[in-house]
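Here are my notes on this model, as numbered points. Please read them with the coordinates open.

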Amino acid sequence: TALSYFPLSASFESWRRVGALSTDTLDQATSSLTALALVNPLQSGERYALHPLTRAYVRDALLQEPAAEREMGMRFVNYWIEFAERNGGETFESYEKYGYLEEEWDNLYAAANWLVKTADLQASQARDAEAAKLLVDLWGHLRQFTWFVGRWDDKVQLSVCAYSAALATNFWLAAGWTAYDVGWILYLRDQLDDAALWAERCTQAWAHDVPVRDRAFSLRLQACILQKQKEFVRAEALMQEALRMWETGDAWDRSVGLEDLAEFAHERGDYATAQDYYQRTLELSTEIGDKEGIAAVYAGLGNLALDQKKPVEARAYFEKESLAAREVGRIDLVAGAQFGTARAWALEGRADLALPLARQAQVTLERIRDSAVQDVAAFLAELQGEQS
């Protein structure tokens, strides 16, 4: 029964924990079930899977009683929530364990789906409030992981469900952050109308009693959307307001605001102001040990150098970006470094070095559906046209 909750396979320890069995008991049961060809040992006995017919039998015959199904389901999801908490999170060191989350993604995804089904979220209400709260917990442990490793579709899907769960349980802080997460991915994909809708939902959730620090992030999302819509004055004003709200708070928040202002100035063509903001952000990110922030700043400095026709300087920045981005596992920044380096080589007339890097970036950006893929495609078309 416990093994039937694992969609593909289970490690011995996860199976034991979900089944609430001792090591000796499960070891004996595993030997018997394997001998009967009801359980398939995988990876030299390190993982186990159910035969499809056995799974169907368990579901049809052994899990007919709702209370028994819920009890086992809760054991399954609580194990994976603990697993996600242990190996996920949002600290600067969280990325070091993301490989464990990737290995068990099918089970984590199954836990999320079970919670969505059990919570039965309809019209901002939950049939099972406990399941709804656990869904929000799971989202919180996975939000940075799904962002860094490029599981953007999964991030959106999980955030949309967690948003409904947070509303149903009056968890306004989480409701705002789930809406923010959806809006941010839509913003990166240039789906600006939908992003603005989720930004408004974020603002509405945080109209309740939440810290000023969090409310500033709703302004940040609105400002970034306005910037893409070429509403430069309004975008700058909102971002400056957010930065004032962060002035006496966390250094990481201030670094986010400064980097955004650098991007805004860069897009306006105010290179001197952009350079100043980038340097201030780099100093702050270095001070607090934020390697992701450092990678993002080097990306900005590299693009700034490219726009000033300084390819050698740009390549040096992109190399630093790539090293930091690979260390923390942010694949969109890795792709950005590849594309930036390709552009730098193209400025130096080295299409032979530029093409493979741009193609590598294109593969990643297409997978996560980042709007930057359009720039890569245009670059490749131009470069290939020049060679033909």
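1. Contacts of Q227. Q227 touches F232, A235, F264 and E267, leaving aside residues up to four places away in sequence. Contact here means heavy atoms within 4.5 Å. Q227 sits in helix 11, residues 212-228. Helices are DSSP runs of H or I with at least four residues, strands are runs of E with at least two, and both are numbered from the N terminus. Is Q227 buried or exposed? Q227 is buried, because its relative accessible area is 4% and buried means under 20%, with exposed over 50% and partly exposed in between (1.4 Å probe, protein chains only).

2. Basis. This is a predicted model: local features need pLDDT of at least 70, side-chain atom pairs count only at pLDDT 80 or more, and totals for chains, interfaces and linings use all residues. Residues are numbered from 1 along each chain as its sequence is written, and side-chain values use heavy atoms, with hydrogens and water left out.

3. Overall picture. The protein chain holds 19 helices and five strands. Its C-alpha atoms fill a box of roughly 70 × 55 × 40 Å along the principal axes. Of its 388 residues, 52% count as buried. Among contacts with a separation of 6 or more, 61% join residues 24 or more positions apart.

4. Surface and charge. The protein chain exposes about 18,000 Å², and carbon and sulfur atoms supply 51% of that. The areas come from the Shrake-Rupley method with a 1.4 Å probe; for residues, only the protein chains shown count as cover. There are 39 positive and 59 negative side chains, with the centres of the two sets 1 Å apart. Lys and Arg count as positive, Asp and Glu as negative; His and the chain ends are not counted. Each charge is placed at NZ of Lys, CZ of Arg, CG of Asp or CD of Glu.

5. R315. This residue belongs to helix 16, residues 311-328. R315 counts as partly exposed because its relative accessibility is 22%. R315 touches T341, A344, W345 and E348, not counting residues up to four places away in sequence. R315 and E71 are 244 residues apart along the chain, and their C-alpha atoms are separated by 56 Å.

6. R201. Look in helix 10, residues 192-205, for R201. R201 is partly exposed, as its relative accessible area is 27%. R201 touches Y163 and A179, again not counting residues up to four places away in sequence. R201 and Y163 are 38 residues apart in sequence and 9.6 Å apart in space, C-alpha to C-alpha.

7. Cavity. How many cavities of 30 Å³ or more are there? The count comes to one. On a 1 Å grid over the protein atoms alone, a cavity is a set of points where a 1.4 Å probe fits but cannot get out; a pocket is an open set with protein on both sides within 12 Å along at least five of seven lines; lining residues have an atom within 4 Å of a point. The largest cavity contains about 80 Å³ of space. Its lining includes W105, Y109, D154 and C161. Helix 6 (105-119) and helix 8 (152-168) each supply at least two lining residues, and helix 6 gives the largest share, five residues.

8. Second largest pocket. Its volume is about 330 Å³. Of the 13 residues that line this pocket, R59, E69, W114, K117 and T118 lie nearest its centre. Volume means the space filled by probe spheres set on the grid points, which are joined across faces, edges and corners. Helix 6 gives the most to the lining, with five residues.
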